[in-house]
Amino acid sequence: MRRLLLWLTLLLGCAWGSVAQAADTCTVSVTNIDFGTLSPISGTDYVAQATGTFSCLFSSLNLGQLLTPNAQVCISLGLGTNSTSALPRKLGNGSNRMEYNVYVDNSYATAKIWGGAGVPGAPSTFGMILSAGLLAPPGTYSTTFTVYAKIPAGTALAAVPTVANANTVYTSSFAGVGTYTYTTYGLVNLQGCTASSGSFGFTVNATAVNDCTITATPMAFANASILTGNLRSTSTLSVRCVNNNAYQIALNGGSVAANVANRQMKNTVTTDKVSYLLSATLDGAPWGDGTAGTSMVTGTGTGASVPLTIYGRVPAQVSPRPGDYKDTVTATIYF
């Protein structure tokens, strides 16, 4: 009997010794954040989300946590590439920058910017507890969390350029600068989330696209009874294009004559017509679509609205019957 008891004691000692070498392990991962395509001049906030996952492998030999395997984690985030501060973080393309930030909830409040103790102005972190449940079998258990990101509309976004007149990808990498600490435990956690640590990474991307808007004011010539000299007037085109976005503006031949070299206004009651000219400078070359000796106006966007003057002239000609004369010209911007 004594030999048998000794043998059993040795077996239990060997089994307990193997427990000391087995440890529960946890990891954190976050999917990439992609804002997709955006227009810097849209005046719209752009938001995106990512999914984070906290996973733990609970070992069957960890007798201290066999009944109720639990884990607590604290997840922090550094600045990422192209950023020198979290207020705000910045995406980059070469030397160009686009402001954005990453948040722990969808309030997008400054106080909820995801950072950590080592990130000035951004102390918020993700913290959670993962519980496998009472008498859970050994294996891997996971819980997820949502990461929120926003590119705010405003003057900073409007100043973002495209490069080479093409879609331009702005990016930031968080490889290795996502960090976490965690503790696995049974019924009672005496260490918070400080026992073990690890790191993770993901990328943030946004694609700036070329975009332009254009509006126009009416052009009205003064009343005249006879057309023995020039009548002059102006109107304004307001053009707004993405910073560094080259553009061209064409004026068509009008709804009456459909001729860029010989535009006409028509009496709203009779068939009488009046010829007139449009140009980008006073008495300059005809502004048209590049055909029949006309030219288009070209420029490069700044992200801000730019006024362009259209100069109109009714030259001396045979005076038609009195009445209101009108034409509709369409301005088209190419970018």
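Trainee: Which residue in S21 does Gln248 stand opposite?

Mentor: Gln248 stands opposite Tyr334 in S21. This is a predicted model, in which local features need pLDDT of at least 70, side-chain atom pairs count only at pLDDT 80 or more, and totals for chains, interfaces and linings use all residues. Residues are numbered from 1 along each chain as its sequence is written, and side-chain values use heavy atoms, with hydrogens and water left out.

Trainee: In what sense do S15 and S21 pair?

Mentor: Two strands pair if DSSP finds at least two bridges between them. Strands (E, at least two residues) and helices (H or I, at least four) are DSSP runs, numbered from the N terminus. Here S15 and S21 (residues 331–334) are antiparallel, over 4 bridges. S15 (residues 246–251) also pairs with S18 (residues 297–300), again antiparallel and over 4 bridges. In S18, Gln248 has Thr298 as its bridge partner.

Trainee: Is Thr162 buried or exposed?

Mentor: Buried means under 20% relative accessible area, exposed over 50%, and partly exposed in between (1.4 Å probe, protein chains only). Thr162 is buried because its relative accessible area is 0%. Thr162 sits in the loop between H2 and S9 (168–173). A contact means heavy atoms within 4.5 Å; leaving out residues up to four places away in sequence, Thr162 touches Thr168, Ala208 and Asn245, among others.

Trainee: And Thr155, is it buried or exposed?

Mentor: Thr155 is exposed, because its relative accessible area is 74%. Thr155 belongs to helix H2 (residues 155–158).

Trainee: How many residues does the largest nonpolar core have?

Mentor: In soluble globular proteins, nonpolar side chains tend to be buried together. A nonpolar core is a set of buried Ala, Val, Leu, Ile, Met, Phe, Trp, Tyr and Cys residues joined through side-chain atoms within 4.5 Å. The largest one in this model has 43 residues, and those with the most contacts inside it include Ile33, Trp114 and Ile151. Strand S3 (residues 46–58) gives the largest share of this core, 6 residues. Apart from it lies another core, of 21 residues, including Phe221 and Tyr325.

Trainee: What does Ile151 touch?

Mentor: Not counting residues up to four places away in sequence, Ile151 touches Phe35, Met98, Leu157 and Ala206, among others.

Trainee: Where does Leu135 lie, and is this residue buried or exposed?

Mentor: Leu135 lies in the loop between S7 (126–131) and S8 (139–151). With a relative accessible area of 58%, Leu135 is exposed.
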